[in-house]
Amino acid sequence: MKFRTRSIHVGNPCDPATGAVVPPIHVASTYVQHAAGEWREFDYGRSGNPTRKALEQTIASLENGRHALAFATGMAATHCVTMLLQQGDHLVAGADIYGGTYRLLHKILNRSGVHVTLANSRDPEELEQALRPETRLVWLESPGNPLMSITDLAACVDVAKRHGVMTAVDNTFATPVLTRPLDLGVDIVMHSATKYLGGHSDVLGGVLVVNQDDLYDRLYFAQNATGAVLGPFDAFLVARGLKTLAIRVLEQCRSAAKVAEFLAADRRVTRVLYPGLPTHPGHEIAARQMDGGFGAMLSFEVAGDFEKAKRVVQATELFQLAVSLGAVESLIEQPASMSHASYDAADRQRHGIGDGLIRISVGLEDVDDLIRDLDQALDA
Ligand SMILES: Cc1ncc(COP(=O)(O)O)c(C=O)c1O
């Protein structure tokens, strides 16, 4: 079955009891056991829930994976991966990653004695230089956040495998519509389902997808032991969002490409970071690694400083000033004061996350209206 068919039919059998074409939402927190200690697929809602399981089947299929685990948020999913590490281990992460991931790695994980290095993953050689004998995990995002840097995932997997190091990719920006990291040899795919998978800014969720049974068992054990599972109502909302994922993402990519062209031609804009532009340093790799589009996230810089960028993000009328991304409505934000405020200022500067940077998430509004909105806001 092709992607769009799977997004609608895998994990969505009609209800045998009633014939309902949408399976019911299972709300029970516990399940009757016919004999004490008897094994049943469902015994307690934290350990398993049919609505959550159905969603896990759909997302596993879309990522070409064998197993998925759904969490209360994207950060809970990322945290679960870090629970595979222990004191003395070392983790290498790409330099422009989600600010919340940076905070988890540098301000929580470090308390367990795990050491973290940020490396420029655009260059697999730089990534390799950052590896140590005790490195256990490489954490990547492509496109990166907020600089839209492109990492050659297959090349980085190659480096990591040579050193016996596991790889994980936050695939939130690309979605499985555009990139399927497991096919490139990545061990763990993570999503903030809050973004494109849900797609309507009305649910928080996170997902991990893997192919290896033993890795799934270790992650499931950590999830069940710590408990940050996705609730059944939220699982239903994400599953509903998945049914339109491909058409939303592809249309949003088309609009983002037009917005990027508009910004690139505008004198008030000094730099546009969008992998679909031939001038983007990662364009060729993105063209190989992403199918059907270059994503619907882009960043740009305006002539001026922090204050000018702040005025622009406050002057848009359709683009709403908010963190988050991936939904039907377009959003705008200033990473230095919003999504990446939790980076140490020195790390922001070192990795090029400037004060004048503006990040937008292109939604499903008519692109002409979006361009008109940015045009008027650039005069602020
Ligand atoms: C790329 C990326 N990864 C992870 C997260 C964390 O997800 P959540 O907010 O669902 O915990 C976010 C949230 O903004 C994100 O943008």
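**Setting up.** I am working with a predicted model, where local features need pLDDT of at least 70, side-chain atom pairs count only at pLDDT 80 or more, and totals for chains, interfaces and linings use all residues. Residues are numbered from 1 along each chain as its sequence is written.

**Domains.** I looked up the division of the chain first. Domain 1 covers 3-242 and domain 2 covers 247-377; the bounds come from an automatic or database domain assignment. Their C-alpha centres lie 25 Å apart. I then checked the contact (C-beta atoms, placed from the backbone, within 7 Å). Domain 1 gives 28 residues to it and domain 2 gives 36 residues.

On the domain 1 side, I found α4 (99-107) and α7 (175-178) each supplying at least two residues. Helices here are DSSP runs of H or I with at least four residues, strands are E runs of at least two, and numbering starts at the N terminus. Helix α4 gives the most, with four residues.

**Helix α4.** I asked which residues of α4 are buried. They are Gly99, Thr101, Tyr102, Leu104 and Leu105. Buried means 20 or more other C-beta atoms within 10 Å of a residue's own, exposed means 12 or fewer, and partly exposed lies in between, with C-beta atoms placed from the backbone. Their cover includes α3 (74-82), β2 (90-94), β3 (115-119) and β5 (166-170).

**The sheet.** Next I traced an open sheet of five strands. Its order is β8-β9-β12-β11-β10, and the pairing is mixed; two strands pair if DSSP finds at least two bridges between them. β8 (269-273) and β10 (320-321) are the edge strands, each pairing on one side only. β8 runs antiparallel to β9 (297-302), over four bridges. Helix α12 (306-315) packs on this sheet, touching β9, β10, β11 (331-333) and β12 (357-361). The directions of α12 and β12 make about 20°; axes are lines fitted to C-alpha atoms, for helices over the stretch in contact, and angles run from 0 to 180 degrees between N-to-C directions.

**Helix α14.** Last, I looked at α14 (367-377). Val367, Leu370, Leu374 and Ala377 are buried. They lie on the same side of α14 because they cover an arc of only 90° around the axis; the arc is that of the directions from the helix axis to the C-beta atoms. I found exposed Asp368, Asp369 and Gln376 on the face turned away from the buried side. Among what covers the buried residues are α10 (245-264) and α12.

Note on methods: Two residues are in contact if their C-beta atoms, placed from the backbone, lie within 7 Å.
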